[in-house]
Amino acid sequence: MTGDRPPALPARPLSIIETSRGLHTASAPPPRPLRPVLNTNYPHETGATNLAAQKRVASTPTVQAPPTIPRLNGRSMTLGLDRPPPRAPNDLRTPMTPSTPIEPRPLDLQASVPARADTSAPVIAAYPDTSRTNRRKPYISKGVHEIATLYDSRVFDVCGGLVCTTGTYTRTWSVQDGELLMSLAMSEGMKGTAVMFRPGENVDEEGKRVWIGTNTGELLEADILTQSIMINKPNAHGRYEIIKIYRHFNELWTLDESGTLHVWGPDEKGVPSLATGPTQTFRLPRGHMFSMVVGNELWHATGKEIRVFLPTVDGRTQFQVLIRPLVQDTAGDVTSGTIVASQPDRVYFGHSDGKVSVYSRKDYLCLGVMNVSQYKINSLAGVGRYMWAGFNTGKMSVFDMEQTPWALKKDWQAHKNPVVRVVVDRSSFYKLDRCQVVSLGADNMLRTWDGLLQEDWLESEMKRKDIEYCSFEKIKALVLTWNAGASTPHSLRYSESDATFIRDLLQSSDSPDIIVFGFQELVDLEDKTATAKRFLKPKKKEGSDQERMSHQYRDWRNFLAQCLDDYMSSGGLYHILHTAPLVGLFTCIFVKADLRERISNLSSAEVKRGMGGLHGNKGAIVVRFMVDDTSLCFINCHLAAGQTSANARHNDIAAILEAPLLPPERDPAARIDSFVGGGDGSLILDHELCLVNGDLNYRIDTMSRDTVVAAVKAGNLAKLLERDQLLVARRRNPAFKLRAFEELPITFAPTYKYDVGTDNYDTSDKRRSPAWCDRLLYRCGSGRGRVEQVDYRRHEVRVSDHRPVSGRFRFEVKRISAKKRAVAWMECQQRWEDVRRDGGGEKMYYLTKIIGYDKNTAQKLINDRASR
């Protein structure tokens, strides 16, 4: 190692420093400005008499004298004459005593803290915005991504290039090459239940030794290089299982299941040692579920209750900060928590019901409760300005909290089993020049992720700059969806209004560049005999499209082509781009002749959802293609029927949107240019412009048929739309995949179900309730404004029990200049290097908030390391 030896780790100051004894500053790092804990604006309230009055709650200090090495960081020095008066019984933090010892606050912020948090804090009912979610897994660019622990491991810690797990074994690996550096087997009946890297004498000594807590109450200190136990402390916690080890600067705190908290202060070398007993001992409530160190405080959760404590090495500061716990009745049990560096005055807690509560560090009030997921949150981690979450489903998500509701920035399947814990390695920026996030799953896999989200940043930046290297053009599209109820083109001739339907539709369409016809039930799905024959008979040998297409589909295709020739000839010639049948579903796409030569990468797929995915009576046809350098995807759906089958419909649309149906794009540059959300084009949501049409079969809930019919006749559509299953799911169900889509407000009457040939809603024995089954929804993944829906209307065609629905759209498509793109890409790379080197202050945060150096010393270390 070259260069000067880093400064020794500063010691935490005593809460009381004798004024008669001077500080020895010769061997200490440069001092920092003192940050007094107490308000010194009231000198008349200080004095030695207050020392006797000050009383610590529920703590049992040991007889062992605290260390005499003062620290120049962390909890600031408090002079003996500045002891606060006793707290009033019902007021935890008086205006004369700041409610947090981290920073002094102005008088206007020093408010009294309520004895119990408001249990009805505002709940943000809206779930995070998923319209810009990125699905690409944030693999780290250097080092190994995955390490198998090969045993049942539930706890771990990470420090720079090392990650350590414990259980029946304690093992340490290098995250840079995956090498197993240490493996220690526990004795029979013993297993590790907590682990933490011990602070080093200076920052370069970090990560050389680990403390291990066991189920028998023993503490062990292991040296990684020699793979040996250097010292142990039998019965450090009696026979109680040690459940947590916390780091607070150069102290370690250990907590057991009985609620005993030991504070292990630094020895003469400035590091905690097991050679002597704990510096201080406190008592916490039993029933621990989650806890974490926030500044100098310990936030401790049991069930829904959160308590705040203030452990100290001398035991003379009141231990219990709040008389009563913080509780949010609207959220489940506390399961996790974190702080976010960009919002230092807030503390976040995850709950078993998928909510996140937010508390203020200044006055301990709950600022709100966010709906984040329907699944249990197992772990939270603050990374830069984002929050990472690990769920019981094995998924991980990244949330951007700068908007309300929050935005779901990333979402991916990180583990096959539940995510046990997610840890952001604060030391990695300083030690490895990167930001790594490590997750442990119940599948006993450690995985390392890129905390800076480099690939996402580059993709977003390129899309933000696309106006610099792209030319844009508006094209027009017409989309029709219709459940035709086994109608044929010939059926339209029986009524004059039906006969002119297609003509009127086309002539009022403003000569679109793309026309999409999406039909459902072109064959009679209620004919059980015919349906069984289609399902059971063997498929014919592959042949041309014409040979494979049944006469119903051929008749419609030919009829539509003839209508375009007859009624749209003045607007230009149309070509059939693609036709695709699936039992009753039929998609037929026409494009103008001058657009056809600009179309590439045409492909289609089908998803069968009937009879457990075996039959195509329900499902979807997916067609995608490129116009210039813009990807478009059209989905024609027929989802599960039935008033009470909303969940089955949710499952159908999820299966359709999540299936890797289409050929992936192999070129990384083309992925960034023409697809979104980190996708490769294999999924529907990877495409820049998506449009879903079909008989989605969503109904109106909690209203009788007669009530619905009366509301329709009265024109009270708003009352019905409040109970529309699709719209309700978009508001309340964060897992609902159509939340990523938009729909123009519905202003027309329900399109289902009519008596055929009439304008009367169903009067059969079943008397089905009217509903908006037939819908058009769109998604623009590349930025708002690239899709514009001009109209959304129904058509009065009585040959079916459904009314057709159409919409006119304007799509903005782009053409990329390769030369200009290369310049933009180079600029993005250069800007990324600037962002990466800056690191958002992560190096400074690590050296000051974790290690404990003052800012001047930390900056000198950063500069010295950069010059090597």
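1. Asp157 stands opposite Cys164, a residue of strand β4. Five bridges join β4 (residues 162–166) to strand β3, and the two strands run antiparallel. Strands pair if DSSP finds at least two bridges between them; strands (E, at least two residues) and helices (H or I, at least four) are DSSP runs, numbered from the N terminus.

2. This is a predicted model, in which local features need pLDDT of at least 70 and side-chain atom pairs count only at pLDDT 80 or more, while totals for chains, interfaces and linings use all residues. Residues are numbered from 1 along each chain as its sequence is written, and side-chain values use heavy atoms, with hydrogens and water left out.

3. Strand β3 (residues 155–159) is mostly covered, four of its five residues being buried. Buried denotes under 20% relative accessible area, exposed over 50%, and partly exposed in between (1.4 Å probe, protein chains only). In the hairpin of β3 and β4, two residues lie between the strands, and Gly160 takes a positive phi near 60°.

4. Asp433 has a phi near 60° and lies in the loop between α2 (428–432) and β28 (436–441); Asp433 is partly exposed, at 34% relative accessible area. Glu521 has a positive phi of about 55° in the loop between β31 (514–520) and α7 (528–536), and Glu521 is buried, at 17%.

5. Cis peptide bonds should be noted. One runs from Thr404 to Pro405, with omega near -5°; Pro405 is in the loop between β25 (395–400) and β26 (407–413). Another joins Tyr752 and Lys753, with omega about -5°, and Lys753 is in the loop between α15 (725–732) and β38 (774–780).
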